[in-house]
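Me: Please take me through this structure, one part at a time.

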Amino acid sequence: MTRVLVAADTALLLEAADLDESMRLLPALVAAELPGVTELVPAARTILVRFDPTASTAAELTARLLALEPTTERATGTGAVTIPVRYDGEDLAEVARLLGVSHDELVARHQAATWTVAFAGFAPGFGYLAGDDPLFDVPRRSSPRTRIPAGSVALAGRFSGVYPKESPGGWQLIGRTDLAMWDLERDPPAILGPGTTVRFERVERALVRAQAPEHRAVDAAHAIEVVRPGLQLLVQDLGRPGMAAEGVSASGTADRAALAEANRAVGNAPGEAGLELAGGGALLRFRGDAVVSLAGAMADAWVEPGGAPDSVTHPVEHGRPIAIEDGEALRIGAARDGLRVLVAIRGGIALDPVLGSLATDTLAHLGPAPLAAGAVLPLRGPAHGIAAVERTRAPRIPLPVTGETVELAIVLGPRDDWFTAAALATLVEQEWEVTPRSDRVGVRLHGAVPLERARDGELESEGAVTGAIQVPPDGQPVLFLPDHPLTGGYPIIGAIVDRDLDRAGQLPPGSRIRFRIAQTASPGGTPCRRS
């Protein structure tokens with residue numbers, strides 16, 4: 001039975017009967033070229049269908065999705081990969097206990113099984129490996145780890161996988177490998193593609209991870225020298241949309257409107273890469289003349305001359321372009337509302353894009369590295385602007401502050417039926433506090449009453465959107481931000497509507513959220529089915 005579920009106000013979830021049908025629906029969906037569809041994210045039993053609501057309504061798209069017929073065979077890949085593993089994972093003993101086998105039998109059967117890459121997701125280079133041994137059906141951890149080392153070999157549900165980069169995750173760790181799953185210098189970058197056959201080989205030697213290359217010094221006539229980066233200073237643009245099926249998240253700035261506003265003020269295109277500063281507290285010295293503008297979180301800012309410390313400083317007004325001369329510095333104080341200050345520089349940043357974008361993806365480690373003290377960022381220079389500078393005319397809307405309650409509109413689904421009626425009431429009636437453990441991957445929330453599930457068991461991995469509200473077994477939600485994993489196995493109870501995503505990206509720790517169910521069109525009121 002095929003169903004279509006609401007995943008967001010800009011996404012639907014096409015659910016198949018099993019993995020095989022899902023993999024046969026994918027080529028049919030690609031060939032159909034349905035109007036309005038912008039991206040497809042295949043997973044274990046589902047395909048996340050992102051769409052442009054100005055080109056197709058949810059109801060129209062649902063009807064077309066239900067009319068699709070699966071192909072007779074799913075697309076198959078070629079090639080085989082052997083992955084050397086040192087079986088010393090933190091969860092190895094617990095997984096053996098859960099499966100009712102000995103440590104040695106677990107390792108032997110993991111090696112003996114034939115694994116096939118069913119689909120890619122979560123992060124670049126992460127392949128979901130389906131095996132032929134029915135033993136492997138492993139529950140995820142009740143609370144995900146915030147850091148899992150690169151090369152970790154893990155189990156969750158019926159799948160095995162290898163973490164390409166250090167990242168958070170809820171899979172059970174059984175070992176580690178030094179084989180690189182993702183390398184931008186390789187073509188293709190991912191060693192595991194859909195259809196690839198995989199076998200694991202036990203090794204006893206200690207594994208040594210390759211050291212990351214050091215940053216080269218930059219010598220440019222127009223550049224920014226980072227004297228102090230603040231809490232987090234990143235290069236961001238509008239990201240890498242359309243690459244989810246390859247395991248590459250869109251990422252991009254957490255406040256799209258603020259980036260566009262800052263760029264407009266200095267005469268750039270709206271999506272030109274700028275700087276995203278979390279919390280404030282940065283000091284940036286300029287080589288060569290520049291024109292800059294600030295938007296997003298409100299923070300006091302000054303231009304400081306390059307001479308003596310007692311030289312006159314000039315304040316910077318948000319949304320207004322200001323000229324900075326060679327040797328002068330831009331000082332940005334602590335954010336007074338919101339969390340992220342967006343800084344646009346006329347002409348933009350002169351770096352080579354990674355997969356078509358300069359966005360820093362902190363989960364996948366794609367794009368420029370987070371900027372540290374001493375980093376030098378080359379600029380194109382003011383002459384490369386595309387239009388005259390322009391002061392923002394729209395009045396600034398205050399952003400949330402610590403202790404303030406913010407209302408965010410949501411749509412329920414796709415897995416709201418995994419929760420009790422009391423949990424659904426708690427979701428919208430209770431205030432949720434933004435915890436200090438939040439980052440660009442997700443806003444970790446805490447409520448006095450956790451959300452109670454209506455069913456036990458594991459949900460097979462499926463696609464997720466920015467703004468999705470995922471609920472681990474502890475009942476404390478995580479609100480996904482731009483660097484979220486593409487797929488996950490904890491049920492998603494709802495998603496922030498698109499117009500509120502920028503505000504969600506500006507939530508400082510200590511602020512509070514009250515969710516409100518939005519009155520948006522659904523694909524029919526209840527999940528649609530095709531027998």
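**Cores, sheets and helices**

Me: Which residues is L275 in contact with, leaving aside its neighbours within four places in sequence?
Reply: Leaving those neighbours aside, L275 is in contact (heavy atoms within 4.5 Å) with I224, L233, L234, V235, L284, V341, L342, V343, I345, I349, L371 and L377. This is a predicted model, in which local features need pLDDT of at least 70 and side-chain atom pairs count only at pLDDT 80 or more, while totals for chains, interfaces and linings use all residues. Residues are numbered from 1 along each chain as its sequence is written, and side-chain values use heavy atoms, with hydrogens and water left out.

Me: Which residues have the most contacts inside the largest nonpolar core?
Reply: They are L275, F286, L330 and I332, in a core of 30 residues. Such a core is a set of buried Ala, Val, Leu, Ile, Met, Phe, Trp, Tyr and Cys residues joined through side-chain atoms within 4.5 Å. Buried means under 20% relative accessible area, exposed over 50% and partly exposed in between, with a 1.4 Å probe and protein chains only.

Me: Which strands supply at least two residues each?
Reply: These are β14 (223-229), β15 (232-236), β16 (274-278), β17 (280-287), β18 (290-304), β20 (322-324) and β21 (329-345). The largest share, seven residues, comes from β18. Apart from this core lies another, of 26 residues, including V81, Y87, L92 and F136. Strands (E, at least two residues) and helices (H or I, at least four) are DSSP runs, numbered from the N terminus.

Me: Next topic: what is the strand order in the open sheet?
Reply: Its seven strands run β5-β13-β6-β7-β10-β9-β12, with mixed pairing; strands pair if DSSP finds at least two bridges between them. The edges are β5 (80-85) and β12 (172-176), each with a single partner strand, so one side of each has no neighbour in the sheet. Neighbouring strands are turned by 35 degrees against each other on average, direction ignored. Axes are lines fitted to C-alpha atoms, for helices over the stretch in contact, and angles run from 0 to 180 degrees between N-to-C directions.

Me: How do β7 and β10 run?
Reply: Strands β7 (residues 127-131) and β10 (residues 159-162) run antiparallel and are joined by two bridges. A130 has F159 in β10 as its bridge partner.

Me: Which strands does α4 lie across?
Reply: Helix α4 (residues 103-112) lies across β6 (115-120), β9, β10, β12 and β13 (197-202), at about 145 degrees to β13. Its residues L106, V107 and H110 are buried. They cover an arc (of the directions from the helix axis to the C-beta atoms) of only 95 degrees, which puts them on the same side of α4. D104 and A112, on the other side, are exposed. The cover over the buried residues of α4 includes α3, β6, β9, β10, β12 and β13.

Me: And the closed barrel: how many strands?
Reply: The barrel has seven strands, in the order β23-β30-β27-β28-β25-β24-β31, with mixed pairing. Its neighbouring strands are turned by 40 degrees against each other on average, direction ignored. Strands β23 (residues 405-412) and β31 (residues 512-517) pair in the parallel sense over six bridges, and T405 stands opposite R512 in β31.

Me: Finally, is N263 buried or exposed?
Reply: N263 counts as buried, because its relative accessibility is 0%. This residue is found in helix α5 (residues 256-266), and its side chain reaches the backbone oxygen of E272 at 2.9 Å.

Conventions: A polar contact is a pair of N or O atoms within 3.5 Å; within protein, one must be able to donate a hydrogen and the other to accept it, and residues adjacent in sequence count only if both atoms are side-chain atoms.
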